[in-house]
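Subject: Structure handover and salt bridge notes

Dear colleague,

Here is the structure I said I would pass on. My notes follow below it.

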Amino acid sequence: MVKVSNQNQYIFFNNSHTTAKPSSMEKEKQVYAKQPHERCATEEVKLAATAISLNVRLRSSDMPVYMQQRALHFVRSLVDSAPKNSRPNPTHLARALKKEFDLAYGPAWHCVVGKSFGSFVTHSPGGFMYFSLDSLCVLLFKTEVQLIKET
């Protein structure tokens, strides 16, 4: 029996004839749990192609590729759905992206959107992305949270 751990989730594989197989989501997490320098070149090429097709410039990230792609597609769809006569509201974009990532990947995501800002943040490993699209810059990062038990 082999035990594979991924972010406090355990998958057990039995070597008998009825071998349990991880779900596609678990496989994706295992592949993308690697450090950025361990990622396969084809994943990076696909991410670059996505960024080019969405007219987005990736500035910095240590986030898994599938999460980066989700963020890029989500923000591009929000910007494109804004009325043509007005600019997208940065506060609304930040709130929507934060909520999207909180729901998909757990709590404690933070997002800053704007044309000009400085930042210096501490983030969880695998939870940082900074990119620009059109004239807006987007900073998305995750922090650790711990439940406080009342005594």
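What percentage of the 151 residues of the chain count as buried? The value is 34%, where buried means under 20% relative accessible area, exposed over 50%, and partly exposed in between (1.4 Å probe, protein chains only).

Before the rest, two remarks on method. This is a predicted model, in which local features need pLDDT of at least 70 and side-chain atom pairs count only at pLDDT 80 or more, while totals for chains, interfaces and linings use all residues. Residues are numbered from 1 along each chain as its sequence is written, and side-chain values use heavy atoms, with hydrogens and water left out.

Overall layout

The chain has four helices and six strands (DSSP runs numbered from the N terminus: helices are H or I with at least four residues, strands are E with at least two). Read from the N terminus, the order of elements is β-β-α-α-β-α-α-β-β-β. Among contacts (heavy atoms within 4.5 Å) with a separation of 6 or more, 50% are between residues 24 or more positions apart. The chain exposes about 10200 Å², and carbon and sulfur atoms supply 54% of that area (Shrake-Rupley method with a 1.4 Å probe; for residues, only the protein chains shown count as cover).

Salt bridges

Side chains of opposite charge can pair when their charged atoms come close. Searching the whole structure gives four salt bridges, each defined as a side-chain nitrogen of Lys or Arg within 4 Å of a carboxyl oxygen of Asp or Glu.

One of them joins Arg 70 to Glu 100, at 2.8 Å from N to O. Arg 70 is in helix α3 (residues 65-81) and Glu 100 in helix α4 (residues 90-105), so this pair ties together parts that are 30 residues apart in sequence. Arg 70 is partly exposed, at a relative accessible area of 34%.

Within helix α4, Asp 102 and Lys 98 are four residues apart, about one helical turn. Their side chains form a salt bridge at 2.4 Å, N to O. Lys 98 is partly exposed, with 28% relative accessibility.

Salt bridges with shared partners also link Arg 76, Asp 80 and Asp 134 into one network. In the bridge between Asp 80 and Arg 76, the closest N and O atoms are 3.1 Å apart. Both residues lie in helix α3, four residues apart, about one turn of the helix.

Regards
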